[in-house]
Amino acid sequence: MSKSIVERAYYLMKLGRVFEERAKEEYMKGNISGFLHLAIGEEAVHVGATLAFGKGDIFVHYREHVWALAKGMSPKSLMAELFGKKTGVSKGKGGSMHLYEPLLNFYGGNAIVGAQIPHAVGAAYARKYLGHTEGVLVAFGDGATNAGNYYESLNMAALWELPVLFVNENNLYAIGTRIDRASAVKELYKKAKEFMPAERVDGMDFFQVYDAVSKAKEYIETEGKPYYIEFLTYRYEPHSMSDPGDYRSPRELKVFHDKDPVEFLKREGIKRGLFDENFVKEIDERVEEEIEEAVKFALESPEPEDAELFTDIFCEVCTDVVP
Amino acid sequence: MMERDETVVILGEDVGFYGGNYRVTEGLYAKYGEKRVIDTPIAENSIVGNAIGMALGGLRPVAEIMTVNFILIAMDQIVNQMAKLRYMSGGKIELPMVVRTPQGVSKQLAAQHSQSLERFFTSVPGLITMVASDATAAYYGLKKAIELDDPVIFLEHELLYPMKMEIQKRESFDPFRADIVKEGKDITVVSYLKMLHDTLKAVPVIEKELDVSVEVINLHSLNPLDMETIANSVKKTKRFVIVTEEPKTGSFAAEVVSKVSEELFYHLDAPPLRICGEDVPTPYNRKLELLSIPTPEKIAQQIVYWGREHGI
């Protein structure tokens with residue numbers, strides 16, 4: 001793994017962390033509303049997978065701020081979207097759960113658990129049919145693996161031999177229900193084993209995430225077949241801002257806090273001589289500045305115009321005939 | 001369409017090798033192969049979900065749901081996903097896709113295989129709902145639906161499939177403009193799908209009994225709805241009737257009558273009339289089944305009764 005990738009990873013993970021911590025603060029102040037699902041603790045999966053996956057399409061779930069940042073979306077347009085402003089990536093019409101940027105091959109953001117999984121299968125079909133070389137990555141939580149869409153998609157991706165990388169972010173909780181109370185099969189990668197190669201990887205460790213996704217990407221794109229990775233990870237925050245999160249034990253929280261992915265990468269990066277303290281200090285300062293600017297931008301951005309209520313419903317051909 | 005544009009693909013249950021349950025895709029598999037005419041497992045939510053992904057990935061998919069009855073399984077993908085992605089992305093996402101399905105009360109298939117569900121689609125913002133009431137609308141309409149950069153629900157009627165009809169050559173076909181299939185000056189009757197044909201059968205009886213002339217409007221699109229053609233006709237005839245096969249309560253017909261009442265109240269010389277199916281699950285028994293939906297006889301009877309009641 002090259003030095004520049006690890007440097008980039010530290011920057012993006014720190015950016016994601018500070019972005020979300022700040023989003024939480026702004027939510028408390030009332031500048032952000034609605035549902036806000038934070039991924040603090042899961043940055044190694046989001047950044048590691050995105051960096052390793054490179055150019056292909058990415059479909060993710062509603063906890064997607066860090067995925068979006070890693071894919072190249074600007075913190076400004078993202079923060080403005082959370083503020084519901086005109087300058088937001090979805091013009092303030094999508095909010096936290098609906099971030100899309102087709103120019104970056106980033107297709108959300110989806111507020112219905114598991115609904116994005118068939119989208120990824122369809123996109124992989126289209127890419128393969130049109131002769132594109134890049135595969136498609138789809139991420140979902142442990143909760144999605146108990147729903148019908150999930151099995152339908154594993155079946156179709158395997159049946160049609162599509163280049164899809166299934167990324168299961170197992171953070172142990174589907175809202176407030178722990179995995180052992182929701183899933184008869186506890187080792188989630190085994191739920192995919194009958195359909196495709198599947199493995200379980202430590203999702204708190206950037207290096208392991210990056211390596212696993214790099215290898216999987218190589219596999220899906222050369223073999224033209226799907227692959228499955230279950231990442232064991234954790235969200236430090238509750239499910240959303242409206243969730244007290246009191247269903248988790250302090251001991252469990254401590255176990256995962258001790259392996260905080262951002263701190264882990266910082267320690268390992270320095271230990272392995274990939275960067276030094278000065279670099280970390282520089283990045284930390286730069287990130288603080290960037291987020292400060294993003295919040296300022298979001299605060300100062302205008303609200304969408306009233307007429308925006310009626311745009312983006314149909315394409316122009318139909319807009320003409322809609323009263 | 002498929003010959004001209006290789007990004008057009010079809011997916012659905014039995015659409016390929018088997019030739020389509022209603023034979024509507026017959027021959028396509030042999031001509032275009034399994035990569036373009038894709039047999040799927042029985043998994044409706046994923047069929048529509050896959051089509052969404054295909055549209056995002058650069059194709060123009062036509063997802064076929066074998067009958068409308070099974071589309072309820074795909075309603076998350078239709079309502080939460082395909083109808084809303086453009087809006088939620090601030091216009092960044094475009095979905096050139098069609099979900100094609102036949103509906104309607106057929107012959108003795110009972111409640112889970114025999115119903116009309118247009119109300120569910122027409123009430124969803126962002127979803128274009130087109131209907132093919134005859135061969136001409138099926139030919140030009142489906143082509144138009146595939147060409148559009150928006151998601152379309154394309155409804156057909158199971159009992160229209162076996163009917164033999166000529167395609168009338170049209171210079172242009174705008175599905176968002178309704179057709180006046182028969183001109184008249186005393187009563188406007190709006191309909192589509194099989195009920196359009198049953199209405200046309202009833203018209204001579206109505207005209208004779210009431211000594212009037214009836215104007216019949218054929219809708220190609222339910223949403224958006226061509227209110228202009230309806231309004232012009234009602235302003236002329238002063239009387240409005242809509243005939244649909246769906247159960248009456250909460251129907252699409254109810255929506256059109258509301259619009260007519262709101263916008264054209266002072267043009268009306270009689271209360272608007274809805275002729276719809278009964279509020280019952282479709283029964284298996286043929287006699288009861290026919291009682292549950294409008295027939296040419298019932299359409300004539302109800303309009304004549306209504307006409308006499310209101311001095312037409």
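Which residue stands opposite B:Val243 in S11(B)? The residue is B:Ser191. The model is predicted, and the values below are computed from it.

**The sheet of chain B**

Strand S8 (residues 187-191) of chain B pairs with S11(B) in the parallel sense, over four bridges. Strand S12 (residues 273-277) of chain B also runs parallel to S11(B), and four bridges join the two. B:Val243 has B:Ile275 as its bridge partner in S12(B). B:Val243 of S11(B) also stands opposite B:Ser191. Further along, B:Pro247 stands opposite B:Gly277 in S12(B).

These strands belong to an open sheet of five strands in chain B, ordered S7-S9-S8-S11-S12, and the pairing is mixed. Its edge strands are S7 (179-182) and S12 of chain B, each pairing on one side only. From one strand to the next, the twist averages 25°.

Two helices cover parts of this sheet. Helix H11 (residues 296-309) of chain B packs on it and touches S8, S11 and S12 of chain B. The direction of H11(B) makes about 155° with that of S12(B). Helix H7 (residues 193-210) of chain B lies across S7, S8, S9 (214-218) and S11 of chain B. H7(B) runs at about 175° to S9(B).

How many of the eight residues of S11(B) are buried? Seven of the eight are, so S11(B) is largely enclosed by the rest of the structure. Buried here means under 20% relative accessible area.

B:Met163 gives another view of chain B. This residue lies in the loop between strand S6 (152-157) and S7 of chain B. B:Met163 has a relative accessible area of 39%, so it is partly exposed. The C-alpha atoms of B:Met163 and B:Lys208 are separated by 27 Å, and the two residues are 45 apart along the chain.

**Helix packing in chain A**

Two packed helices are described by the angle between their axes and the distance between the axes. Helix H1 (residues 3-29) of chain A meets helix H2 (residues 43-53) of chain A. H1(A) also meets helix H9 (residues 261-271) of chain A.

| Helix pair | Axes come within | Crossing angle |
|---|---|---|
| H1(A) and H2(A) | 9 Å | roughly 135° |
| H1(A) and H9(A) | 10 Å | roughly 150° |

H1(A) and H2(A) are therefore oblique to each other. Their crossing is right-handed. On H1(A), the contact is made by A:Ile5, A:Arg8, A:Ala9, A:Leu12, A:Met13 and A:Arg17. H2(A) contributes A:Glu43, A:Ala44, A:Val47 and A:Leu51. By class, this contact of H1(A) with H2(A) has seven nonpolar, no polar and three charged residues.

H1(A) and H9(A) are roughly antiparallel to each other, because angles over 145 degrees count as such. H1(A) passes H9(A) in a left-handed crossing. The H1(A) side of this contact is A:Val6, A:Ala9, A:Tyr10, A:Met13, A:Lys14 and A:Arg17. The H9(A) side is A:Pro261, A:Val262, A:Leu265 and A:Lys266. By class, the contact of H1(A) with H9(A) has seven nonpolar, no polar and three charged residues.

H2(A) is mostly covered, with ten of its eleven residues buried. Among them are A:Glu43, A:Ala44 and A:Val47, which also touch H1(A). A:His46, A:Thr50 and A:Phe53 are buried too. Just after H2(A), A:Gly54 takes a positive phi of about 70°.

Conventions: Residues are numbered from 1 along each chain as its sequence is written. Chains are lettered from A and ligands numbered from 1 in the order in which they are written. This is a predicted model: local features need pLDDT of at least 70, side-chain atom pairs count only at pLDDT 80 or more; totals for chains, interfaces and linings use all residues. Side-chain values use heavy atoms; hydrogens and water are left out. Axes are lines fitted to C-alpha atoms, for helices over the stretch in contact, and angles run from 0 to 180 degrees between N-to-C directions. Angles under 35 degrees count as roughly parallel, over 145 as roughly antiparallel, 65 to 115 as roughly perpendicular and the rest as oblique. A crossing is left-handed if the near helix is turned anticlockwise from the far one by less than a right angle, and right-handed if clockwise. Contact means heavy atoms within 4.5 Å. Ala, Val, Leu, Ile, Met, Phe, Trp, Tyr, Cys and Pro count as nonpolar, Asp, Glu, Lys and Arg as charged, and the others, Gly among them, as polar. Buried means under 20% relative accessible area, exposed over 50%, partly exposed in between (1.4 Å probe, protein chains only). Two strands pair if DSSP finds at least two bridges between them.
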